[in-house]
Amino acid sequence: MKSTSLSLIAGTVALAAVTGFAALTAPGDGDTAQAKTAARLPVERSSLLCPAPGLSELAETTYTSFTPAGGGSGGEAGAAELHKATATTADGVKKDEKTEKTEKDEKTGKKDDKGGKKADLGKPVVSLKEPGKPVTAEESGADNPALVGTATGRLAPGWTTQQTTMVEAGSARGLLGVSCTAPDTDFWFPAASTSKSREDYVHLTNPDDTAAVADIELYGPDGSLKSDVGEGITVPARSGVPVLISTLTSEVTEDVTVHVTTRTGRVGAAIRTADEKTGSDWLAASTTPTGTLVLPGIPADATSVRLVAFAPGEADADLTVKLMGKTGSFAPVGQNQLHVKSRMTAGVDLKDITKGEAGSLLLAPAKGKKATPVVAALRVVRGTGDKQEVGYIPATGPVGARATVADNRDKGSMLSLAAPGATATVKVTASAGSGGGEQTVKKYTVKGGTTLAVTPPVPSGLKGGYALTVETESGGPVHASRMLTITEGGIQMFTVQTLSDDNGTVEVPVAEQDLSVLDD
């Protein structure tokens, strides 16, 4: 076999595992090897970005990083580290212009392997050493910057990190949780606001060594909100930039959809919300616009649920609204239909829709209407009076082959599993604890059209926090979320994170032509 053929195959496999795409062509005589089937291989590199958690001097933040066991190829051990990004203001000015180490690199002319200035990453905040066992790190105060990180080798497939911040008092009080995100170029955030009682920030984080340029568009109930300052926002290399939404427009409205795109580069994006009465939490991006959406894990004791939806295309969307409960699905009386005008934000108060029984919301095309892509999120309040607490549930995709959420505690975690179609069986693995313990596995059957809310399994001999990994074994798609609750000062502070397929593997084309027959 020609050595060029061997090199080509190896290069194709490596390219696909890193980028998710590769084409294989056999050399010689113009013959092309056609893709016949596709093998799935573990990814070899993953990136994550965590927004700056700083809210007040009272903020206590825990980072929990984890990679499921058994997902790697068994090759390179790899590394998974999260480092502090440079904190900047919205105009791109660094809060700390230079670190001592960066100044030293500039004086010595230290270069990277591409000939440019080598970025000094410093000591990692979080460093994961092995699959199957989470690691944690803690930071305090209001000045902690965003984190940027990369995982390689056996630690790349399914790598996840949870950022959880507790603020016990003040206007920013609450339990704020967010799954650190992969960089991208397009994000949709229904359920933001420019109302007087809200203070919502879009946090943009750039993982790369060159600046990114982002645009932020705002849409209210009557369409686009006029803004001259949401375009061309520079996010310097390896930096985080917070942007206060209310400074982008003079229009005040309760329900706002935020659209973040990039002109150049890529970013991670999340919205930190704060309300005078209900506290703070992170609003994660909705899943890609699609005709049918699932918003899993509305708590049983929710006292207020508000649905916010947006249709980004040229067509209006007519949707049916159903709650998938413990025994089946039903349409709430008087709230079973939702009309979403093109490029206008629609909001509807579903009140205490769960009525003591945890559930998930299903949005589907109304009978006789075509599927129109939409995005959506829920604003959920628990408690009453001065003991209210807010959380957000964006529409999410199914768990697929595997999905993971980190930072579960011995008490206070609730896992919601929703099956909008056929009955499904899932396997839930509770990992070893960050300080010790043995993993535990349990299987659940979720009946079609229902939500199964369970206290998840806890590792035997648990010390520290642990991760939950959900894998679909049979049946239809399953959508999932985890609610974490910590009671503080008589308030049930909570946060909800959705779980979606971790895309820990990629398809690699298998050539129809047997290249081994190619000889010299």
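Trainee: Which residues is Asp255 in contact with, leaving aside its neighbours within four places in sequence?

Mentor: Asp255 is in contact with Ala192, Tyr219, Gly220, Pro221, Arg306, Val308, Thr345 and Gly347. Keep in mind that this is a predicted model.

Trainee: Where does Asp255 lie?

Mentor: In the loop between strand E16 (239–244) and strand E17 (256–264).

Trainee: Why does Asp255 count as buried?

Mentor: Its relative accessibility is 7%. Buried means under 20%. Therefore Asp255 counts as buried.

Trainee: What makes the link between the side chains of Asp255 and Arg306 a polar contact?

Mentor: The two side chains meet at 2.7 Å. The cut-off for a pair of N or O atoms is 3.5 Å, and one atom must be able to donate a hydrogen and the other to accept it. The pair is listed as a polar contact.

Trainee: How many aromatic pairs does a search of the whole structure find?

Mentor: Three.

Trainee: Why is the pair of Phe187 and Phe189 called stacked?

Mentor: The ring centres are 6.3 Å apart, and the planes are at 15 degrees. Centres must lie within 6.5 Å to pair, and planes under 30 degrees apart count as stacked. So the pair is stacked.

Trainee: What makes Phe187 and Phe189 buried?

Mentor: Phe187 has a relative accessible area of 7%. Phe189 is at 0%. The limit is under 20%, so Phe187 is buried and Phe189 is buried.

Trainee: What makes the pair of Tyr219 and Phe310 tilted?

Mentor: The planes are 40 degrees apart, with 4.8 Å centre to centre. Stacked needs under 30 degrees and edge-to-face over 60; the rest count as tilted. The pair is therefore tilted.

Trainee: Which strands hold Tyr219 and Phe310?

Mentor: Tyr219 is in strand E13 (residues 212–220), Phe310 in strand E21 (residues 302–310). The pair links distant parts of the chain, 91 residues apart. Tyr219 is buried, at 3%. Phe310 is buried too, at 0%.

Trainee: How do you know that the charged end of Arg382 sits over the ring of Phe494?

Mentor: The charged end is 5.1 Å from the ring centre. The cut-off is 6 Å, together with an angle within 35 degrees of the ring normal. Arg382 is listed as sitting over the ring.

Trainee: Which residues have the most contacts inside the largest nonpolar core?

Mentor: Leu204, Ile216, Val258 and Val260, in a core of 29 residues. Apart from it lies another core, of 28 residues, with Val321, Leu378, Ile393 and Met483 among them.

Conventions:
Residues numbered from 1 in each chain as written. Predicted model: local features only at pLDDT ≥ 70, side-chain atom pairs only at ≥ 80, totals over all residues. Heavy atoms only, no water. Helix = DSSP H or I, 4+ residues; strand = E, 2+ residues; numbered from the N terminus. Buried < 20%, exposed > 50% of the residue type's maximum accessible area, 1.4 Å probe, protein only. Contact = heavy atoms within 4.5 Å. Core = buried A, V, L, I, M, F, W, Y, C linked by side-chain atoms within 4.5 Å. Phe/Tyr/Trp six-rings, centres within 6.5 Å; stacked < 30°, edge-to-face > 60°.
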